[in-house]
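Work through the exercises below with the sequence and the coordinates open. Each task is followed by a solution in steps.

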Amino acid sequence: MRQRWFVATALLLAAGLALSGSPTSAQTQTGNIYGTVKDSGQGPLPGAAVELQSPQRAPQTVYTDVNGRFRFVDLPPGNYNITATMEGFQGNRMEGIDVRVGVSADLSFTLVATVGEVVTVTSEQPVVDVKQTGTATNVPYEELQKLPNSRDPWGVLNQVPGVMTDRINVGGSESGQQSNFTGKGDDGNNAMWNVDGVTITDAAAIGSSPTYYNFDAFEEIQVTTGGSDPSVQTGGVAINFVTRRGTDDFTGSVHTYYTNDALQGSNVSDDLKKKNFKGNRIQSIAEYGFEIGGPISKGMAWFWASAARNDIRQLNISDVSDRTELNNYALKLNFQPASNTNMTFFTHYGDKVKSGRQAVFTTDQNATWDQSGPTAVYKLEGSQLFGSSFYLSGKVAYVDGGFRLEPNGKGATVYDLNTGEYLNNLWLYDTDRPQYQGNVDGSFFTATGPVDHEFKFGFQYRRTPVESYTTWVGDDGQLSLWGFDPVVGIAYFYRPYTVKGAIDTLSIYAGDTVTWGDLTANVGLRFDRQEGENDASKAEASAYVPELTEVTFNGKDPGFTWSNVVPRLGLSYALGAEGRTVIKANYAWYADQLGVASVFNNNLTYQGLAYYFEDANGNHFADKGEVRFDWGLYDAVQIDPDDTSKAIWGATDSDLSAPETQEVLIGLDQELLNDFAIGVNMSYRQRDNDTWAPYMKVDAAGNMIGTLGVNDWEVSRVIDVPLDYNHDGVNEEVRKFTLWKLKSGVTLNPGKGRYLTNRPDYYEEYKGIELSVVKRLANKWMARAGFSWNDWKQHFDSDKAMFWPYDLYRDDDIVAPSSLGSGAKGSIALNARWQVNIAGLYQLPVGFEVGANVFAREGYPAPLLRRTSTPVGTQNLQIERMLDAERMDNVYNFDLRLSNTQDLGKAGSITVDADIFNVLNNDVVIQRNLRTEQSSFWNEREIMAPRIFRLGLRYRF
């Protein structure tokens, strides 16, 4: 806390005034054009008429203010023409003005005091946005279609400086499942997903998208990683999809892409083949679809529609099948009854059907899910420009989300403790996750002397209910743990249960962007009120264990509300007569978004009892008659073993408040040549007030008397952990591993209930540098490059910040979010101190184009783990050393595309693409088995997918 206040105060004193509110917003789906009309002596011309023209909207005319300034706001991405005229002056027309999402084009028109024809010029608008103070990457349609990529929006995140993902998607080999990712000191839980201005972030899987997408539907993808715009709620990565729209020109396209195992190389080394390692690989990846748009009534109404299907078939390292089908449909209707009035209806339907989900390292197809459940998004939006100064828009949206995971097997689920592998079956999960949203946003322009003001304001209400049902399938709701003993296992019996609840979020923001010559400054303030509710639900009785009777939850107030008022400040200054160099600074304060996991802490969850069983028939799960109830209870989970009618859920601190992040950003953008710019940004972030859930301590009467702390433990014994990396019988290293036990007199809550509260004396620091190069497509070539250096550390001011001595991280260690033991990327820790991405395109004669993409990053950390029985359950614990003491090899990937487009005249054009992914057939290891107690320790679990050739065909009309 002390450090963040120091940083905030220092910046406020240094800046002396408010910082620029970057136009980059998490919900932005448009761009702006600002400009000045002057006479030949560079004096402002008030009252000049400025007309905007585009095939995707009706013409619009505004008049310059007392400072000769004009503005066109809320413009969809595309090319525009502007004509400036005034009586007694020769008109000036600028063509080909490129508008991008969240970007402000700032133009200058000079009118000569003579009557004559309008002078037409080709736009040479600046590459550098003088109003931009945040850090964002815009990837327009042109780049999405022309550069080699996986045609997966999560794959685009690898191109964004400061963003780290858990996978390298070679030619679509990782598509069909979302990536985990982090950004500039945020663990991913604050990521915001937006489609055409609708916030669709999943409240139950916080930071995730509730649906998948048709890659051809995007006009532009914008990824924001920092900035001072008060309309942005969190400090997480903001992913903003803007879909295409119809214009006065009737256009469309049909496309198909295909690859299969015959077009796939092999990068499995001879050493790995000796281990019978085959590597994750594809069987086939196919995509086909269309998009079409045009006028309903020219200059007034337009339509656009798209449809696509992806069929992704893969095999895991044990030949278990994983197939994903993505079916996506979209429709957009735009209506402009008057030049200053716009209305939009948009809907997106995405259906993911997956067979073999969780086919990670398992050898058993039965231990996978079939997933189903479409998600639909509906939006109705209207906007109005009153005169030339007051803009107002409003929208309502509904997301019909949810899905079902249906297990493939029958009977009890078996977890092999030796291999970390699920066998025989999985649990059933069914969830319903609708969303409701309403927004009002506006801006007002005025001038005070030579100073322009743009006042912005907005309001949002969002409600995200969640209802989920979970059960371990089979007749007895059993999960069997197996592997340490040849005869005896442990059987957990769970009640099926349902949770119901919702998150309500009310947000208000306001700010003023001030422009005075080359100086742009802003002050902004944001208010968020987030609260949750727990609704009545129940846990069903167990069919096998009589003690597990039905339990009813009557609903309970979570007991806390997050209310945060946060400032956003900034400054940008354009140097030189043409403003080709921009210096910027930024200060932002963010509060986290609230997910239902925090609200459900005092709701029903897994409740069960565990007993030993003797496996008489060798099937590794407890059949009737094999459970040794007479040996006594092995464990109780969220239940009082002395009174099993009482489910025990966690308790929540009534003073629980939102974690907060403060950011300072300083940057420099330099336009070296027309269409070519470089930039450098330095970021500092500090995150405080994190939430955590230590175990509850109780007195003899069962009343909570505090939470488990590091001083409640004592050493049980110290053991040697031999590390034989090469499996040659020679230990390269022997590590000491301390086992701990609770001190005498320390009693935990029965069922090991946990207390959700804010974590004391703990904070995280992020320091980063980002270098970027942008060359817009001109003179037959374009390029985009980004480099980031990231230093993300955590700090403990006292032992209050740890509740047990096995704490996963050490003071001043890196922060590397990971599941560390479950899921497809369970052995991946997300942290890289450096990352590079370079992409480019060159246009050759006769319609040929060559595109390339180079990606490199530091290897993933490899924290060594040991599965250990502790007083709070069996855990995968880190061997005592820094988290990144061991890393995988650095990752390098090179992709290449050759395409040819032939113009068919009035019939359109046809393009043939040939992509080569992982051109060098790199075999870098992505995951290893980090469990030191297992015989397969340090064995490769995943290598980068091999070289893949993909063919594409597209017809445009």
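**Exercise 1.** Find the residues with the most contacts inside the largest nonpolar core.

Solution. A nonpolar core is a set of buried Ala, Val, Leu, Ile, Met, Phe, Trp, Tyr and Cys residues joined through side-chain atoms within 4.5 Å; buried means under 20% relative accessible area, exposed over 50%, and partly exposed in between (1.4 Å probe, protein chains only). The largest core has 50 residues, and those with the most contacts inside it are Ile168, Leu708, Phe737, Tyr860, Leu864, Val891 and Ile926. Two or more residues each come from strand 17 (281-297), strand 48 (713-723), strand 49 (733-742) and strand 59 (925-928), where strands are DSSP E runs of at least two residues, numbered from the N terminus. Strand 48 gives the largest share, 4 residues. A second, separate core has 30 residues, among them Leu144, Tyr213, Leu326 and Ala397.

The model is predicted: local features need pLDDT of at least 70, side-chain atom pairs count only at pLDDT 80 or more, and totals for chains, interfaces and linings use all residues. Residues are numbered from 1 along each chain as its sequence is written, and side-chain values use heavy atoms, with hydrogens and water left out.

**Exercise 2.** Which residues does Val891 touch, not counting residues up to four places away in sequence?

Solution. With contact taken as heavy atoms within 4.5 Å, the list is Ile168, Phe855, Ala856, Arg857, Tyr860, Val924, Ile926 and Met944.

**Exercise 3.** Trace the pairing of strand 54 with strand 53 and with strand 57.

Solution. Two strands pair if DSSP finds at least two bridges between them.

1. Strand 53 (residues 834-843) and strand 54 (residues 848-857) run antiparallel, joined by 9 bridges; Ala839 has Asn853 as its bridge partner in strand 54.
2. These two strands form a hairpin with 4 residues between them, and Val846 in the turn has a positive phi of about 60 degrees.
3. Strand 54 also pairs with strand 57 (residues 891-903), in the antiparallel sense over 10 bridges; Glu849 stands opposite Ser899 in strand 57.

**Exercise 4.** What is the strand order of the open sheet formed by 5 strands?

Solution. The order is 9-14-15-12-13, with mixed pairing. The edge strands, strand 9 (135-140) and strand 13 (198-199), each pair on one side only. Strand 9 pairs with strand 14 (residues 218-226) in the antiparallel sense over 6 bridges, and Ala136 stands opposite Thr224.

**Exercise 5.** Is Phe957 buried, partly exposed or exposed?

Solution. Phe957 lies in the segment after strand 61. Its relative accessibility is 33%, so Phe957 counts as partly exposed.
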